[in-house]
Amino acid sequence: MKKILNGLAAFGLVMAGTFGAALAAEEGHNAAEPTHFPILHPAQEKWTFAGPFGTYDRAQLQRGLKVYKEVCSACHSMNLVAFRTLQDLGYSEAQVKAFAAEYEVQDGPNAEGEMFTRKATPNDHFPSPFANDAAAAAANNGAVPPDMSLLAKARSVERGFPTFIFDIFTQYAEGGPDYIHALLNGYDQQPPAGMEIAEGTHYNPYFINGKSLAMAKPISDGQVTYDDGAPQTVDQYSRDVAAFLMWAAEPHLEIRKQTGFRVMVFMLLFAGLIYLTKRKVWANVAH
Amino acid sequence: MSGGHSTYSPKTGLGRWMDARMPLPRLVHDSFVSYPVPRNLNYAYTFGGILSLMLAAQILTGIVLAMHYANDTSLAFQSVEKIMRDVNSGWLLRYLHSNGASMFFIAVYVHIMRGLYYGSYKAPRELLWILGCIIYLLMMATGFMGYVLPWGQMSFWGATVITGFFTAIPVVGDWIQQLLLGGFSVDNPTLNRFFALHYLLPFMIAGVVVLHVWALHVVGQTNPTGIEVKSKTDVVAFTPYATIKDAFGMIVFGLVFAYFVFYIPNYLGHPDNYIQANSLKTPAHIVPEWYYLPFYAILRAITFNIGPIDSKLGGVLAMFGSIAVLFFVPWLDTSKVRSAAYRPWYKLFFWLFVVNAIFLGWLGSRPAEGTYVALAQMSTLYYFAFFLIIMPVLGLIETPRRLPNSITEAVLEKNKGGAPVHPTGATASPETKG
């Protein structure tokens, strides 16, 4: 039995050693020829919608919508989001109607069998900038710009051990916005010496799928005019658009967290009552 | 169901009328009210009840989701998003269902581990254990097909990879794969049949659960001492004793469930599944749902040919073997003593097994390269050695600790003159702990 135990201990040590080596192997990659992406992990930013009582900052969402409309929407569709839901951002019904009317959508066929374009109504979704994926690819050097409706939930950099365990308790669920913010601010960094960047792509150490991506730096300081006095910087633009995209991906986040609080309080009280009942029932029974 | 001596006596006229024609109330009374359970069951034994609750919750949320879901490759992804955005409380239903699947698996893993720890599979409970293994297999099939339905990138590529396993089987492999897919690749026919089966299998699970509970009520529950019930003082009535304890277990489990649903609903999912399936774009890393990761690690651990078996078939055999071995556990364990509480060495190897299984899960989420492969091979070796070497050999050479003579004796020893033995005994005694 002693032998088994010793063998076991040795096995455990070997496991721990190789485990450490594996982690080190994953971390220590060649700067010019990285094999794991992203090269840099996004920083953890502060978001108003994080945590158990998080809510969206309406002014921020409105600024984010402006950035999306004036910059991103030139290439990126957002076809799961209906104009009517923009009332969540604090706009009135009339404002939403007016906003929708700035877009043209295809409709039809009419009584003559013809397709026609008309002004969008609140029931329409954001129209796509391209007729189809082939057109989008043709206009963008072969890369289709991803639809933005779910982008904030469809991108998240792996957190690694042991952070991913702490994330359960800190309720970290903002990997998407953190990634978007980091990516938009990562264009000004220079590639390390010796790194080859493919023609028509742009170096960005935060890109999740490689060392460079097809999208060029999309936004610069002062490009979008804010009328609420918020700073007109890339950092601010990217925070605002990331928050807006989080709303677009998870429009019911606030009600979810509010409902959650009530459910947790109810269930905690209920659990307490059940526990006391259980103690009473078992009080006279040794077990 | 409980040993044939029913204590049910209907009090009303309607009750007697019913009892003479179809004694359903008698069945319920005998199974869930007067049914005797060992008095020393701990909270690990509440997971059977928790699992029944989770199955019911999954079926209920699933039926409502199916009313809004469109099983067509061109509509599936959008219909799920419509549920998330436009259906009243649709986000809640869907998050309950997707996280519910994970919670279901957490509960089943605790339940299985409890069985392994207390030797719940040993005679006369072999069939009970095997029925449980069948439920687990059905759960895995259901979970896998359910994950395909939202038609995201991981749905599509997961389905491609997992159905691809079957091509490793000689002669009939390709035919099986085409039968599963309804074609040569994952496409609309695949989605249609997976949806039909995803709706069917839970009801099959419910059927096997009935058999599982039936078998349980014939042989009775085990308990942490592993000693069979010998006298009336060893047991208490299911209601109220087990009912209230199960209720408390369920509500605490429900708290964990709610925490995930309301605060981190996407924590257990993969971000890529929020990208619509694209057969032309392979994700960087294809990983299954977390609850399959240990088996995925075992699959990828076999990177070498074994005689005429190539590494691909070897991996598939190892993966299926890792589940198949569970069916033989009642005969692999040679120990005369059931409970690990009295088996110091088995206890050690059991906890190593648990740690190893979690480690395998983590390896399953890593790319199959470098040291990870070697680590997965070592872990796979321990996984199989636990069942095929440690279990049979340890039972023969291990000296167990002294067993108490009965459950009652064990309880008394633990409490040392605290509360009285019999539930209907003295009334004024100090409360014992939890």
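Predicted model: local features only at pLDDT ≥ 70, side-chain atom pairs only at ≥ 80, totals over all residues.
Local features here need pLDDT of at least 70, side-chain atom pairs count only at pLDDT 80 or more, and totals for chains, interfaces and linings use all residues. Residues are numbered from 1 along each chain as its sequence is written, chains are lettered from A and ligands numbered from 1 in the order in which they are written, and side-chain values use heavy atoms, with hydrogens and water left out.

Chain A has nine helices and four strands. Helices (H or I, at least four residues) and strands (E, at least two) are DSSP runs, numbered from the N terminus. Read from that end, the order of elements in chain A is α-α-α-β-β-α-α-α-α-β-β-α-α. Of the 287 residues in chain A, 40% are buried. Buried means under 20% relative accessible area, exposed means over 50%, and partly exposed lies in between (1.4 Å probe, protein chains only). Taking contacts in chain A between residues at least 6 apart in sequence, 63% join residues at least 24 apart; a contact means heavy atoms within 4.5 Å.

An unreviewed UniProt entry annotates residues 59-249 of chain A as "domain: Cytochrome c". UniProt positions are given in the numbering used here, feature names are shortened, and annotations may be inferred rather than shown by experiment.

A:C75 sits in the loop between helix 2 and helix 3 (93-100) of chain A. With a relative accessibility of 30%, A:C75 is partly exposed. Not counting residues up to four places away in sequence, A:C75 touches A:P129, A:F130, A:N140 and A:P145. A:M215 belongs to the loop between strand 4 (212-213) and helix 8 (234-249) of chain A, and its 27% relative accessibility makes A:M215 partly exposed. Apart from neighbours within four places in sequence, A:M215 is in contact with A:H76, A:L183, A:Y187 and A:H202.

The backbone of chain A has some details to look for in its loops. A cis peptide bond joins A:F37 and A:P38, with omega about -5°; A:P38 is in the loop between helix 1 (2-27) and helix 2 (58-70). Another cis peptide bond joins A:G108 and A:P109, with omega about 0°, and A:P109 is in the loop between strand 1 (104-107) and strand 2 (116-119). A:N141, a residue other than glycine, has a positive phi near 60°. It is in the loop between helix 4 (133-139) and helix 5 (151-154) of chain A, and A:N141 is exposed, with a relative accessible area of 58%.

In chain B, a positive phi in a residue other than glycine is found at B:S89, near 55°. B:S89 is in the loop between helix 4 (76-85) and helix 5 (90-117) of chain B and is partly exposed, at 42% relative accessible area.

Helix 9 of chain B has 32 residues (188-219), which at 1.5 Å a residue should span 46 Å; the end C-alpha atoms are 46 Å apart, so the two values agree. The expected span is 1.5 Å times one less than the number of residues. Buried residues of helix 9 of chain B include B:L191, B:F194, B:F195, B:H198, B:L201 and B:P202. In general, an α-helix has 3.6 residues a turn, so residues three or four places apart point the same way. B:H217 is also in helix 9 of chain B, and at 5% relative accessibility B:H217 is buried. UniProt, in an unreviewed entry, places a "binding site" feature at B:H217. Just after helix 9 of chain B, B:G220 takes a positive phi of about 85°.

The axes of helix 8 (residues 173-181) and helix 9 of chain B come within 7 Å and cross at roughly 75°. The contact involves B:L179, B:L180 and B:L181 of helix 8 and B:P189, B:T190, B:R193 and B:F194 of helix 9.

Methods. Axes fitted to C-alpha atoms, helices over the stretch in contact; angles between N-to-C directions.
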